[in-house]
Amino acid sequence: MSQKIGIVGSGLIGRSWAMLFAASEFSVAIYDVIHENVDTALVDIQAQLNNLESKGLLRGKINVKQQFALISKANTLEECLQNAIHVQECVFEDLELKKKVFRELDSIASDDIVLCSSTSCILPSLFQVDLKHRAQAIVGHPVNPPYFIPLVEVIPNKHTDPEIVKRTRALFTTIGQKPVVIKKEINGFVGNRIQFAILSETYRLIEDDVISVEDVDTVMADGFGLRWAFMGPWETAHLNATGMKEYFEKYRKSMSSVCHDFGPVPTFEGKGADIMVKEMHKRIPVEDLPERRKWRDERLIALSQLKKKL
Ligand code: NAD
C-alpha cells in the first residue's frame, strides 16, 4: 500500500506536487474548495504526464497510467487528510486565507500528519502558531516549475518539532527534490533574499549608468550562471583559491571595500525603473513573452536533464 499525501488547492503548484508525489509512488488525494477545479486539474495532469512521457521526461519508475491511477479527487478536506502522512497546502497566496485553511486543517488533523504550506513569502508564524498542531506545521516552498527545479525551502515555525523538520526534509528528498532548511524564519526566506540582493545591486548599476540591462543579463547568463548551475557561490570561492582560508586572506579586503560601496536600497521606481522598462520592452515585446517563456522552459528542461547525466 502506498503512503498517502493530501494536496489542498488544485492550481499550478498543487498539480505539480501531485505529479511529483505520484512519480515516487505515493497515493495523492487532491481537495479544492471549488470541486470542479480538481476535475480540470486531473485532466491537465493526465495531459502533462502524457506530454512528459512522449518527450522522455517522465519522472519515476512507473508509467503514466500507474502514476495517474495514484491521484484521486477528495470531496472534502476530511477525506483529503484521512490516513495521509503529509498534507501540502497550495491555496492562493493570501494571509487571511492561509489562516483560515490552517485552522480548518488543525481541526481535523491527526497528531502525526505534517501540515505543510507552499507559501512563497508568508512567514509561518503569521498563520501557524495559534494552532493545536503547531508543532506539526511547517512551510515547504517550491520553485516553479517544481518538476524541473528541485529546490524546496523548508521553513519551520518557532514551535515546529525538529522531528517534523527531519520528516519533511526526508520526504522531499525521497521524491527527488532538493530541500534546504531555513533554520529560523526570515522575510523573503533565503532564495528571494539572494535574488533581491542581485536585483537591487544591478538596479543601482543600471540607474548609475555603469552598464546596460542587456549586459547585466549577459554577466549572469553567460558568466556566473554557468557555474552556479552546478555549484553555489561558496564552493566557487573555495575552488577559486587554494581553499576558503586562502580565499579570505586574498580577497577579504577588496570584498569588504566593494560591499561598502553598495548604495542605498532602491525604491524600484523613477529613473532606474524607466530605463529597465524601456530596454526590456524593446528587447522582448510583451506580445512575444509566451514564445520566450516556451524557449526558457525548453532550456530549463534540457539543463535539468543534462545535470542528471553528469
Ligand atoms: P493557483 O491560483 O494556481 O491555485 C490556487 C488554488 O487554490 C485554486 O484552485 C483555488 O480554487 C484553491 N483554493 C482557494 N481557496 C481554497 C480553500 N479554502 N481550500 C481549498 N482550495 C482552495 O495558485 P498557485 O500558483 O498554485 O499557488 C499556490 C501556493 O503556492 C501559493 O501560496 C503560492 O505563493 C505558492 N507558490 C507558487 C508558485 C508559482 O510560481 N505559482 C511558486 C512557489 C510557491
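How exposed is cysteine 259? Cysteine 259 is partly exposed, because its relative accessible area is 44%. This value, like every other one here, comes from a predicted model.

**Cysteines**

How many disulfides does the structure hold? The count is 0. Cysteine 80 shows the reason for its own part. Its closest cysteine sulfur belongs to cysteine 90 and lies 9.7 Å away, which is too far for a bond. A disulfide needs the two sulfur atoms within 2.5 Å. Cysteine 80 is also buried, because its relative accessibility is 0%. Cysteine 259, by contrast, is partly exposed at 44%.

**Helix packing**

The table gives their angles and axis distances.

| Helix pair | Angle between axes | Distance between axes |
|---|---|---|
| H1 (residues 12-23) and H2 (residues 35-54) | about 55 degrees | 10 Å |
| H7 (residues 191-207) and H11 (residues 271-283) | roughly 90 degrees | within 9 Å |
| H8 (residues 213-228) and H11 | about 75 degrees | 9 Å |

Start with H1 and H2. Their axes pack at about 55 degrees, so the two helices are oblique to each other. H1 passes H2 in a right-handed crossing. On the H1 side, the contact uses Arg15, Ala18 and Met19. On the H2 side, it uses Asn37, Thr40, Ala41, Asp44, Ile45, Gln48, Leu49 and Leu52. By class, these contact residues are 6 nonpolar, 3 polar and 2 charged.

Next come H7 and H11. These axes cross at roughly 90 degrees, so H7 and H11 are roughly perpendicular. H7 supplies Tyr203, Ile206 and Glu207 to the contact. H11 supplies Lys271, Gly272, Ala273, Ile275 and Met276.

From H8 come Val213, Glu214 and Asp217. From H11 come Ile275, Met276, Glu279, Met280 and Arg283. This contact divides into 4 nonpolar, no polar and 4 charged residues. Ile275 and Met276 of H11 are listed in the contact with H7 and again in the contact with H8.

Where does leucine 77 sit? Leucine 77 is in helix H4, which spans residues 77-81. Leucine 77 counts as buried, because its relative accessibility is 9%. Setting aside neighbours within four places in sequence, leucine 77 touches Val8, Tyr31, Glu104, Leu105 and Ile108. Aspartate 222 is another matter. Aspartate 222 and leucine 77 are 145 residues apart along the chain, and their C-alpha atoms are separated by 47 Å.

Isoleucine 284 lies in the loop between H11 and helix H12 (289-309). Is isoleucine 284 buried or exposed? Isoleucine 284 is buried, because its relative accessible area is 18%; the cut-off for buried is under 20%. With neighbours within four places in sequence left aside, isoleucine 284 contacts Leu289 and Arg292.

**Backbone exceptions**

Most residues other than glycine have a negative phi, and most peptide bonds are trans. The sites below depart from that pattern.

Which residues does a cis peptide bond join? The bond links asparagine 144 and proline 145, with omega at about -5 degrees. Proline 145 sits in the loop between strand E6 (137-142) and strand E7 (151-156).

Two residues other than glycine have a positive phi. Glutamate 25 has phi near 70 degrees. Its place is the loop between H1 and strand E2 (27-31). Glutamate 25 is partly exposed, because its relative accessible area is 38%.

Asparagine 83 has phi near 65 degrees. Asparagine 83 belongs to the loop between H4 and strand E4 (84-89). Asparagine 83 counts as exposed, because its relative accessibility is 69%.

Notes. Residues numbered from 1 in each chain as written. Predicted model: local features only at pLDDT ≥ 70, side-chain atom pairs only at ≥ 80, totals over all residues. Heavy atoms only, no water. Axes fitted to C-alpha atoms, helices over the stretch in contact; angles between N-to-C directions. Helix = DSSP H or I, 4+ residues; strand = E, 2+ residues; numbered from the N terminus. Parallel < 35°, antiparallel > 145°, perpendicular 65-115°, else oblique. Left-handed = near helix turned anticlockwise from the far one by under 90°. Contact = heavy atoms within 4.5 Å. Nonpolar A, V, L, I, M, F, W, Y, C, P; charged D, E, K, R; others polar. Buried < 20%, exposed > 50% of the residue type's maximum accessible area, 1.4 Å probe, protein only.
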